[in-house]
Amino acid sequence: MTSLPERAGRRCHAVVNPFHSTVYFQRDIGRELERLGVEDRGADYFVSRAAAFGRVGAGTVTATFFNFKHDLVARHLPAAWDVISPDDALAARLRAADSVLRRLLGDDAVSSKEMAEAAELALRATEACSRAARPLYAAHADLPVPDAPHLAYWHAATLLREHRGDGHLMTILGAGLDPVEALASHTASGRGMSPTWILRSRGWSADEWAAAQERLRERGLLAADGELTPAGTELRKALEDETDRLDRAPYEHLGAAGVARLTELAEAFTGAVIAAGGFPADLIGKR
């Protein structure tokens, strides 16, 4: 095992992950799916991300996506598979990733030697990822690596994202947080999605959000003003530290120099994506 600087893996993930997730905040994927008959825009995320599982029902998606209300998921799945096959949905998502990245970064960047290097490093890191108890990672790990460097990097970012995410859910469950409590405590930390975006996209009502906040107050994790208490801050820190522990293998495998270089490259690409409008300005916030 290679000794890494403290939280090096977390810092790397923080700049690699947005390279994948920007696709879900652009209209390209909706247009691709609409051409294939998926007319309900609310289905786009579930169809495109769950397609790696095949023709699964709402239960699998609710379990693995974790923070979406089951009623919202069931509104779209499994009915969507009568309109589009999982394979066609995956192909549509990859076409959307291509068009999004070319628009946000430009053709020179997506075909650059730096992009090829980022892809090589990120794919090398995924060699040490584990399928065990990581369903979203395992499903995506069965997909082929695209040939184009920017799509190979996007695919590797997907694998690293899902690997860490699956591990993070283990820590949340271990802490006794339900989906809405996990969302509310993350938002209160200042690093999570804003309540406006959560209520718009996750299917929870304002009353359910308020009830989750009240449960956090009863546990001494949230103050009356909506800020985390010291105990709440410590819990969120412990969750991230344990997630780091569960996710350290790919970064240990890549080694300190490789992690540092991947972080440097990812910062540049993700910074350019953000500067080009890759995410809504009000996505993150406490209010």
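Predicted model: local features only at pLDDT ≥ 70, side-chain atom pairs only at ≥ 80, totals over all residues.
Ala, Val, Leu, Ile, Met, Phe, Trp, Tyr, Cys and Pro are counted here as nonpolar, Asp, Glu, Lys and Arg as charged, and the others, Gly among them, as polar. In these terms, the lining of the second largest pocket divides into 4 nonpolar, 1 polar and 11 charged residues.

At least two lining residues each are supplied by helix 1 (8-21), helix 14 (230-246) and helix 15 (248-275). Helix 14 provides the largest share of the lining, with 4 residues.

The largest nonpolar core has 67 residues, of which Phe 46, Val 47, Leu 105, Tyr 153 and Leu 262 touch the most other members. Helix 6 gives the largest share of this core, 9 residues. A further core, of 23 residues, lies apart from it and includes Ala 182, Ile 198, Trp 209 and Leu 222. For Val 47, when residues up to four places away in sequence are not counted, the residues touched are Leu 33, Leu 77, Ala 80, Trp 81, Ile 84 and Ala 89.

Leu 33 belongs to helix 2 (residues 28-35), where Asp 28, Ile 29, Gly 30 and Glu 32 are buried along with Leu 33. The cover over the buried residues of helix 2 includes helix 3 (44-50) and helix 6 (86-105). After helix 2 comes Gly 37, which has a positive phi, near 105 degrees.

Leu 77, another contact of Val 47, is joined to Pro 78 by a cis peptide bond with omega at about 10 degrees. Pro 78 is placed in the loop between helix 5 (70-74) and helix 6. Most residues other than glycine have a negative phi, and most peptide bonds are trans.

Two residues other than glycine with a positive phi were also examined, Phe 66 and Ala 133. The phi of Phe 66 is about 75 degrees, and this residue lies in the loop between helix 4 (58-65) and helix 5. Phe 66 is buried because its relative accessible area, 11%, falls under the cut-off of 20%. For Ala 133, phi is near 60 degrees. Ala 133 is located in the loop between helix 8 (113-126) and helix 9 (135-141). Its relative accessibility is 60%, over the 50% cut-off, so Ala 133 counts as exposed.

A search for disulfides across the whole structure gives 0. The sulfur of Cys 12 has its closest cysteine sulfur in Cys 129, at 11 Å, which is too far for a bond, because a disulfide requires two cysteine sulfur atoms within 2.5 Å. Cys 129 is likewise in no disulfide, the nearest cysteine sulfur being that of Cys 12. Both cysteines are buried: the relative accessibility is 0% for Cys 12 and 12% for Cys 129.

Key
Residues numbered from 1 in each chain as written. Heavy atoms only, no water. Buried < 20%, exposed > 50% of the residue type's maximum accessible area, 1.4 Å probe, protein only. Contact = heavy atoms within 4.5 Å. Core = buried A, V, L, I, M, F, W, Y, C linked by side-chain atoms within 4.5 Å.
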